[in-house]
Amino acid sequence: MVEFDVDLVIGAVVKKLGFIKRRHVDDIYTFPVHQKISQPELFDEYFVGFYQNDVFPVTMWGRLYHKAAIDKAIRETELFDKDVDRMGEDQLFNLKLFPYLRYMYRTDEIVYEYRFGGGTTRFNPYFPQLFVSSDKRLELLDRFHYTLGYQPLFEEYIACIYFYASQLIFDNRADKEGVVEFFKQEMEHREVAQRLMAFYNKPDSESEPLRLFLERDFEGMYQYASNEGNKMFGSIKFKTKKMLLQIIEHFC
């Protein structure tokens, strides 16, 4: 950070379990390594990284921030959001900060280790905050006239509502009527859902989950969520992983 005078450095990450370490999948990201990227290229080319997951990690860990950039952003915008504070909060914070960065740098040096845990195997009651975040991220796309972000945002939203519906089904949090009501409420009251339907206009998508959504086929949507949930949560692989992670959390 000091050598290249940048506002943000993103480093590589490893998962750790005792003496076993596994490098995070950093090679999927397209943001250049060991290269100082400045404005306006930084915003024009890479702001889309907060709407598709192959540009750079959007988490707060594994990053080094220049305090001056955060101070400037705090004076001009609301970096922290009380409606998104348990799920997707890292992404929203970094998204709001991004326009205030002068320079950014990414290194493949491992700078952060975190203990392998099992949070992803549990029902997450805070998951709907991602839907709130989708609306807020949509507002920023409109504000900056950043058209590259709309389609990936809509695709992510579709994936998230089906995933959450699958969780509701397989964790017995809602019956069929409750899951269908969840879909209806999203369509009627979520801005990103209404904009998605206007964006695609005709329900002739090759994507089955998107087509079902556009057609408002609630029976089909429920069946799709149930089938996808069965693949994820009903598989031997998932059940074995969940059991092993519970053991690990107990003894580590």
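**Core, cavities and a helix face in a predicted model**

Visitor: Leaving aside neighbours within four places in sequence, which residues is Phe98 in contact with?

Guide: The structure is a predicted model. Once the neighbours of Phe98 within four places in sequence are set aside, a contact requires heavy atoms within 4.5 Å. The residues that remain are Gln39, Leu42, Phe43, Tyr46, Phe47, Phe50, Phe56 and Met104.

Visitor: Which residues lining the largest cavity are the closest to its centre?

Guide: The model has two cavities of 30 Å³ or more, and the largest cavity holds about 50 Å³ of space. Its lining consists of 10 residues, of which the closest to the centre are Gly11, Val13, Pro57, Thr59 and Trp61.

Visitor: Which strand supplies the largest share of the lining of the largest cavity?

Guide: By class, this lining has four nonpolar, four polar and two charged residues. The largest share, three residues, comes from the strand spanning residues 8-17, which is β1.

Visitor: Is Met1 buried, partly exposed or exposed?

Guide: Met1 lies in the segment before β1. Its relative accessible area is 24%, whereas a buried residue would have under 20% and an exposed one over 50%. Met1 is therefore partly exposed.

Visitor: What separation lies between the C-alpha atoms of Met1 and Tyr103?

Guide: Not counting residues up to four places away in sequence, Met1 touches Val6, Asp7, Leu8, Val9, Leu64, Tyr65 and His66. Tyr103 is 102 residues from Met1 along the chain, and the C-alpha atoms of the two are separated by 9.7 Å.

Visitor: Why do the buried residues of α2 line one face of the helix?

Guide: In helix α2, residues 67-76, the buried residues are Ala69, Ile70 and Ala73. They line one face because, seen down the axis of α2, they fall within an arc of 95°.

Visitor: Which exposed residues does α2 carry on the face turned away from its buried side?

Guide: The buried residues of α2 have a cover that includes β4 (63-65) and α3 (89-97). On the face turned away from that buried side, the exposed residues are Lys67 and Arg75.

Conventions
Residues are numbered from 1 along each chain as its sequence is written. This is a predicted model: local features need pLDDT of at least 70, side-chain atom pairs count only at pLDDT 80 or more; totals for chains, interfaces and linings use all residues. Side-chain values use heavy atoms; hydrogens and water are left out. On a 1 Å grid over the protein atoms alone, a cavity is a set of points where a 1.4 Å probe fits but cannot get out, and a pocket is an open set with protein on both sides within 12 Å along at least five of seven lines; lining residues have an atom within 4 Å of a point. Grid points are joined across faces, edges and corners, and a volume is the space filled by probe spheres set on the points. Helices (H or I, at least four residues) and strands (E, at least two) are DSSP runs, numbered from the N terminus. Ala, Val, Leu, Ile, Met, Phe, Trp, Tyr, Cys and Pro count as nonpolar, Asp, Glu, Lys and Arg as charged, and the others, Gly among them, as polar. Buried means under 20% relative accessible area, exposed over 50%, partly exposed in between (1.4 Å probe, protein chains only). The arc is that of the directions from the helix axis to the C-beta atoms.
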